Amino acid sequence: MYYFIHKIAMFYVIFAIPSEENITKYLRPVVKNKPLFYLMGMSEKKSIEDPRVIEHMFDSIAHRYDLLNRMLSFGIDTRWRKKLYRILDLQPGQKMLDLATGSGDILKEFLKTNHIQGFGCDRSGQMLGFARKKLTDRGMPSLLVRGDAFRLPFKDNIFDAVTIGFGIRNMRPRIGAMKEIYRTVTTGGRLAILEFFPRQTGFRGNMYKWYSTNVIPRVGKIISGSNFAYRYLPESIHGFPEIEQFEDEMSAAGFTIDAVHQLTFGVVSIVVGRK
Ligand SMILES: C[S@@+](CC[C@H](N)C(=O)[O-])C[C@H]1O[C@@H](n2cnc3c(N)ncnc32)[C@H](O)[C@@H]1O
C-alpha cells in the first residue's frame, strides 16, 4: 500500500528547481505533460535487461547510494567525477546534460561554478528526489527530468556536452541510448562516459575482482538492505565490453572518439566522443 501511494505521489515527470530562466523550453512538447510508465510491482520473472527492473533497483537503494559510493570506493569516486568536470572544461553559458544523473553528484561538480546550465535526467524517481534535495540545498539551479535514455525528453541539438557516470552499463542496447544522445548534442558537442571497464589484469586486476565480487555485495547488502543491487554491480562490470569495443559502439552511434583517460590504475575510465 505504501509503495502504491508513494508511486502516485511521484507521478510527476519534471522536478524543476527554480531558476531565473525557465529552462523547460528545452523539453520536447510531447513529454512535458506525459508521465512515464511506473512500475507498480516487480515480478521475479522480469529480466535484468528490463529497464523497469533497473529503475526499481535504484529506487530501492537510493537512500544509501551516496554513502555506499563513498565507503566502497574509499572516497575516490568523488575525484573521478571532478576529473570528468575538468576534462570537459565547459565554458560559461554552455549547456550540459548529466544522463543517469542518479543522486546528482556529477551535476553538482558542474554547477559549482554557476556558469553552466545543467540538466539531469534519470529513470529513477527516488534517485532524482535525492538529487533535487542535494542541489536545492546548495542553491544550484538545474532542471531535473524523469526520463529514459532511449527516449530522451529533450529537443534536438541542444547540449554542448552529455555525461553519463556509471549509468551506460545499465542501458541495453547501449548503442540505442548513444544514438538518442547523439540527437540531443550540438554539432561539435561531446558525450563523456565515466565507467568501470573490465580491463585490469595481473595482481591489481585480481585484487579488484576479489574486492568487487566478495566485498561489494556483502557490504552493499548490509548497508542498503538490497541483496540484489550490489550483486548485480560486479556482474554488470564483468559483463561490460573492453574499452576498444566500447569505442566501436560509440563510433557506430555517430561519435568520433576524442580521448580516453584511465583513472586509478584503470579501475575506471573516461571515454569522450564528439558529434
Ligand atoms: C550507478 S547510478 C549512477 C548515478 C550517477 N551518475 C553517479 O555518478 O553516481 C546509475 C543510474 O542510471 C539510471 N538509469 C539506468 N538506466 C537508465 C535509463 N535507461 N534511462 C535513464 N536512467 C537510467 C539509474 O536509475 C541510476 O540512477
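Helices (H or I, at least four residues) and strands (E, at least two) are DSSP runs, numbered from the N terminus. Residues are numbered from 1 along each chain as its sequence is written. The model is predicted: local features need pLDDT of at least 70 and side-chain atom pairs count only at pLDDT 80 or more, while totals for chains, interfaces and linings use all residues.

The protein contains 11 helices and 8 strands. Burial is judged from C-beta atoms placed from the backbone: a residue is buried if 20 or more other C-beta atoms lie within 10 Å of its own, exposed if 12 or fewer, and partly exposed in between. Of the 275 residues, 39% count as buried. Two residues are in contact if their C-beta atoms, placed from the backbone, lie within 7 Å. Among contacts with a separation of 6 or more, 71% join residues 24 or more positions apart.

In soluble globular proteins, nonpolar side chains tend to be buried together. A nonpolar core is here a set of buried Ala, Val, Leu, Ile, Met, Phe, Trp, Tyr and Cys residues joined through C-beta atoms within 7 Å. The largest such core has 63 residues, and V162 and A192 have the most contacts inside it. Strand 6 (residues 185–196) supplies the largest share of this core, 6 residues. Apart from neighbours within four places in sequence, A192 is in contact with L84, I87, L88, A161, T163, I270 and V272.

The ligand has 20 residues around it, of which A100, G102, S124, A149 and G165 come nearest; a residue is near a molecule if its C-beta atom, placed from the backbone, lies within 6 Å of it. Helix 3 (51–61) and helix 6 (105–111) each supply at least two residues of this shell, and the largest share, 4 residues, comes from helix 3.

The expected span of a helix is 1.5 Å times one less than its number of residues. Helix 7 (residues 125–137) has 13 residues and should therefore span 18 Å, which agrees with the 18 Å between its end C-alpha atoms. Its buried residues are G125, Q126, M127, L128, A131 and L135. Helix 9 (residues 202–224), with 23 residues, reaches 31 Å from its first C-alpha to its last, close to the expected 33 Å. Helix 9 bends by about 35° at V215, and P217 follows within four residues; the bend is the angle between axes fitted to the seven residues ending at a position and the seven starting there. In helix 9, Y208, S212, P217, G220 and S224 are buried, and their cover includes helix 3, helix 4 (65–73) and helix 10 (229–238).

What remains is the backbone geometry of the loops. Most residues other than glycine have a negative phi, and most peptide bonds are trans. F74, in the loop between helix 4 and helix 5 (76–88), has a positive phi of about 55°. F74 is exposed because it has 7 other C-beta atoms within 10 Å. F166, in the loop between strand 5 and helix 8, also has a positive phi, near 55°, but F166 is buried because 22 other C-beta atoms lie within 10 Å. P173 is found in the loop between strand 5 (159–165) and helix 8 (174–184), and the peptide bond from R172 to P173 is cis, with omega near 0°.
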